[in-house]
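I opened the notebook today to go through one structure slowly, writing down each thing that I looked up along the way.

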Amino acid sequence: MAGIHIASGTRGLLLAVMAIALFVGRPVATWFLYGRRKTALFTASILVTALCLAAYPLIPLTHAVPIIFFLRALQGLALAVYSSCTTSLLAECIPKGQSARGFAIFSLTLLIPFAVIPAVGEELILLVGGEAELFAATASLSLPALLTLPYLTEHLNRRLPPADSEKNKSQMWKSLALTNLGLVYFACLTFSIMTNEAIFFMKGLCTMLNALPAYFFTTYTSTIMLIRVIGNHLFDSLPRYPIMLGTAMILAFVTYKMSATEGSGLIPLSAVYGAALGLLYPLLASLVCDRSKPAIRPLNLNLMMAAFDLSSCLAPIIGGIILSQGFGYQGVFLSISVSISLSGTAIAIDWLTQRRGEKLTQ
């Protein structure tokens, strides 16, 4: 967008519109698709995404802004449908008692592209001729995605009786209560604000502190993958609340220290950050999974994913406001430390609430 001379303020809006469309679209898609056949819409979401990507090199420069806005909004809506379907599949496929392990393995499928694509993409841009052409080439990844359909159709087409579907939808709102999963959703939201702010603003912090962004991104993604590959079979045997509370405290300390650490000193902090993050996410997700009845689990997991979507919208806004007020990147990373501290507080309150509930039922 900078290369075709779109103003910086407009670029921010165009970047955000996809996350906003996903955040708005996911609850609607989840509500509409629940208990219905999903194969047709799952297929359509893949094809729409591929067509949007293929269209980028064809955008006329004279109308670039409205067309990019439309394409990214459409991509966000397609992703909302696709993600709702895949989260429902995930809820169905995770074996009982292995939810933390299941989410640890699932998250690897998201982490590996983040670790590989930035470096590979920079080389591919030189081969294909530009960013728009790389987007178009990426559309070819829709083919292997579509090839999964014969294996997934049976699960995608599983339906609920209309009465059960409506009953379970009404129960979804009860999960927002603080005594059920409301505190866990808040912990997910503030945890994800931390991770997104770190991703959005780490490059700026590194520029100021004479550190390479690769010190952070390569180290923390590698550590997360290592933790989840080696330890995934142990996750469900860990004492969840003490581990979650401890990792949240570690993350608060590490993100605070990052704001004043120069050069290669960022590497050990990034390793600790990755290890703590690698533990916290699957354990948080497993709470939602294990405390949801099987019939309502897909809806509750999609509510959790909606919290992550909301964080993608809020994180750049929060960081941008802090920078505009003159607090610099140190101020941004202080806000990151506060955000994960709030997540830890929600975890602690939820722990106390659950223990009190167990005592009352004894």
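The entries below go from ground rules to cores, a helix, salt bridges, the surface and the backbone.

**Ground rules**

I noted that this is a predicted model, in which local features need pLDDT of at least 70 and side-chain atom pairs count only at pLDDT 80 or more, while totals for chains, interfaces and linings use all residues. Residues are numbered from 1 along each chain as its sequence is written, and side-chain values use heavy atoms, with hydrogens and water left out.

**Entry 1: the cores**

I looked up the nonpolar cores, each being a set of buried Ala, Val, Leu, Ile, Met, Phe, Trp, Tyr and Cys residues joined through side-chain atoms within 4.5 Å. I kept the burial scale beside me: buried is under 20% relative accessible area, exposed is over 50%, and partly exposed is in between, with a 1.4 Å probe and protein chains only.

The largest nonpolar core has 60 residues, and Phe103, Phe191, Met258, Tyr273, Leu284 and Met304 are those with the most contacts inside it. Two or more residues each come from helices H3 (64-93), H4, H9 (178-209), H10 (213-231), H11 (240-258), H12 (266-290), H13 (297-324) and H14 (328-361). Of these, H9 gives the most, with 14 residues. Helices are DSSP runs (H or I, at least four residues), numbered from the N terminus. Another core lies apart from this one and has 11 residues, including Ile6, Cys52, Leu53 and Ile68.

I then took two residues one at a time, using contact to mean heavy atoms within 4.5 Å. Leaving aside neighbours within four places in sequence, phenylalanine 191 is in contact with Leu277, Leu280, Tyr281, Leu284, Phe308, Ile340 and Ser343. Leucine 189 is found in helix H9 and counts as buried because its relative accessibility is 16%. The C-alpha atoms of leucine 189 and methionine 304 are separated by 8.2 Å, although the two residues are 115 residues apart along the chain.

**Entry 2: helix H11**

I checked the length of H11, which has 19 residues and reaches 27 Å from its first C-alpha to its last, close to the 27 Å expected at 1.5 Å a residue; the expected span is 1.5 Å times one less than the number of residues. Among the buried residues of H11 are Arg240, Tyr241, Met244, Leu251 and Met258.

**Entry 3: salt bridges**

How many salt bridges does the count come to? A salt bridge is a side-chain nitrogen of Lys or Arg within 4 Å of a carboxyl oxygen of Asp or Glu, and by this rule the count is 3.

- The side chains of arginine 26 and aspartate 309 meet at 2.4 Å, N to O. Arginine 26 lies in helix H1 and aspartate 309 in helix H13, so this pair ties together parts that are 283 residues apart in sequence. Arginine 26 is buried at 3%, and aspartate 309 is buried at 6%.
- Arginine 240 pairs with aspartate 290, the closest N and O atoms being 2.6 Å apart. Arginine 240 is buried at 18%, whereas aspartate 290 is partly exposed at 37%.
- Aspartate 350 and arginine 291 meet at 2.8 Å, N to O. Aspartate 350 is buried, with a relative accessible area of 1%, whereas arginine 291 is partly exposed at 23%.

**Entry 4: a surface patch**

I found a nonpolar surface patch of about 590 Å², made by Ile112, Val116, Ile117, Val120, Leu124, Leu127 and Val128. Patches use residues with over 30% relative accessible area and no salt bridge, joining like charges within 9 Å and nonpolar side chains (Val, Leu, Ile, Met, Phe, Trp, Tyr) within 5 Å; areas come from the Shrake-Rupley method with a 1.4 Å probe, and for residues only the protein chains shown count as cover. Leucine 124 lies in helix H4 (residues 99-128) and counts as partly exposed because its relative accessibility is 34%.

**Entry 5: positive phi**

Most residues other than glycine have a negative phi, and most peptide bonds are trans. Histidine 5 has a positive phi of about 65 degrees although it is not a glycine; its place is in the segment before helix H1 (8-33), and it counts as exposed at 73%. Asparagine 210, also not a glycine, has a positive phi of about 60 degrees. Asparagine 210 sits in the loop between H9 and H10 and is exposed, with a relative accessible area of 66%.
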